[in-house]
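User: I would like to learn how to read the features of a model. Please take them one at a time, with the general idea ahead of the case.

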Amino acid sequence: MSTVTLRPMTADVLDTFRRVQLDGYITQRVEFGGEDHATATAVATDQNDRFFPGGVPAEGHALFTAHDADGARVGALWLFRRSDTTVWIYDVEIDEGFRGRGLGRALMLAAHGWAQSQGATVVELNVFGGNAVARALYTSLGYTERSVHMAKTLVPEPQEHS
C-alpha cells in the first residue's frame with residue numbers, strides 16, 4: 001500500500017500551486033460544469049482572491065505538498081477547517097507522472113488523518129459529475145452523495161418555415 005507524508009506548502013510552491021489550481025479549476029468548470037470560459041474565470045478568480053487574500057491562505061485553510069516514501073513530491077492537498085467537526089477538501093492532486101500508483105488513495109487517507117488530528121469527525125468535498133476517476137476513488141473510500149446538481153443544455157428546435 002502506498003503512503004504519503006504531508007509537508008506544509010512553502011510560499012514559492014504556493015504561488016505555483018495557486019496558478020495551476022486556478023487554471024485547472026477554470027477548465028473543470030467549463031468542461032464539467034457547463035460554464036462559458038468568461039464566467040468560469042470570473043467565478044474561479046473571485047474565489048481564489050477570497051481564499052488567498054494578499055496571496056496567502058485565509059484563516060482555516062491548510063495547504064500541503066505530498067511526498068512518497070522516497071521523499072519525492074507527488075502531489076498537493078488543500079484543506080479547510082469548516083467548523084469544529086468538519087474539514088472540507090478543496091483540492092487533492094497527484095502529479096501526472098505519479099498517477100495510477102495508489103497515491104491518490106494514500107493522499108485522501110492522509111487528509112482524513114489530518115482532519116482527525118484537528119478534531120473533525122466529518123470530511124466533505126465536491127466533485128464534478130464528469131470526473132469518474134475521482135468519484136470512484138471517493139466512493140471506494142466510503143463517501144456518499146448528499147446532493148446531486150444536474151443540468152441539461154437545451155438546443156433550440158429547428159423552426160419550420162411556411
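Analyst: Start with burial: a residue is buried under 20% relative accessible area, exposed over 50%, and partly exposed in between, with a 1.4 Å probe and protein chains only. Trp 78 has a relative accessibility of 2%, so Trp 78 counts as buried. Tyr 90, with a relative accessible area of 29%, is partly exposed. Of the 162 residues of the protein chain, 35% count as buried. This is a predicted model, in which local features need pLDDT of at least 70 and side-chain atom pairs count only at pLDDT 80 or more, while totals for chains, interfaces and linings use all residues. Residues are numbered from 1 along each chain as its sequence is written, and side-chain values use heavy atoms, leaving out hydrogens and water.

User: Which helices and strands does the protein chain hold, and in what pattern?

Analyst: Helices (H or I, at least four residues) and strands (E, at least two) are DSSP runs numbered from the N terminus. The protein chain has four helices and five strands, and along the sequence they follow the pattern β-α-α-β-β-β-α-β-α.

User: In what order do the five strands form the sheet?

Analyst: Two strands pair if DSSP finds at least two bridges between them. Here the sheet is open, with the order E1-E2-E3-E4-E5 and mixed pairing. Strand E1 (5-8) and strand E5 (122-125) are at the edges with a single partner strand each, so one side of each has no neighbour in the sheet. From one strand to the next the twist averages 35°, where axes are lines fitted to C-alpha atoms (for helices over the stretch in contact) and angles run from 0 to 180 degrees between N-to-C directions. E2 and E3 run antiparallel and are joined by seven bridges; His 61 stands opposite Phe 80 in E3.

User: Which residues of the largest nonpolar core touch the most other members?

Analyst: A nonpolar core is a set of buried Ala, Val, Leu, Ile, Met, Phe, Trp, Tyr and Cys residues joined through side-chain atoms within 4.5 Å. The largest one has 25 residues, and Val 4, Leu 77, Leu 79, Ile 89 and Met 108 touch the most other members. At least two residues each come from strands E2 (61-67), E3 (73-81) and E4 (86-94) and from helices H3 (103-117) and H4 (132-140). H3 gives the largest share, eight residues. Another core, of eight residues, lies apart from it and includes Phe 51, Phe 52, Ala 76 and Trp 78.

User: What does Leu 77 touch?

Analyst: A contact means heavy atoms within 4.5 Å. Not counting residues up to four places away in sequence, Leu 77 touches residues including Leu 6, Phe 64, Ile 89, Leu 107 and Ala 111.

User: How many aromatic pairs does the structure hold?

Analyst: Rings of Phe, Tyr and Trp (its six-membered ring) pair if their centres lie within 6.5 Å; planes under 30 degrees apart are stacked, over 60 edge-to-face, and the rest tilted. The structure holds 10 such pairs. For Phe 64 and Trp 114 the ring centres are 5.9 Å apart and the planes at 65°, so this pair is edge-to-face. It links strand E2 with helix H3, from positions 50 residues apart, and both residues are buried. Trp 78 and Tyr 90 are stacked, at 4.8 Å centre to centre and 25° between the planes. Trp 78 is in strand E3 and Tyr 90 in strand E4, so this pair ties together parts 12 residues apart in sequence.

User: Which residues form the aromatic cluster?

Analyst: One aromatic cluster is formed by Phe 17, Phe 51, Phe 52, Trp 78, Phe 80, Trp 88 and Tyr 90.
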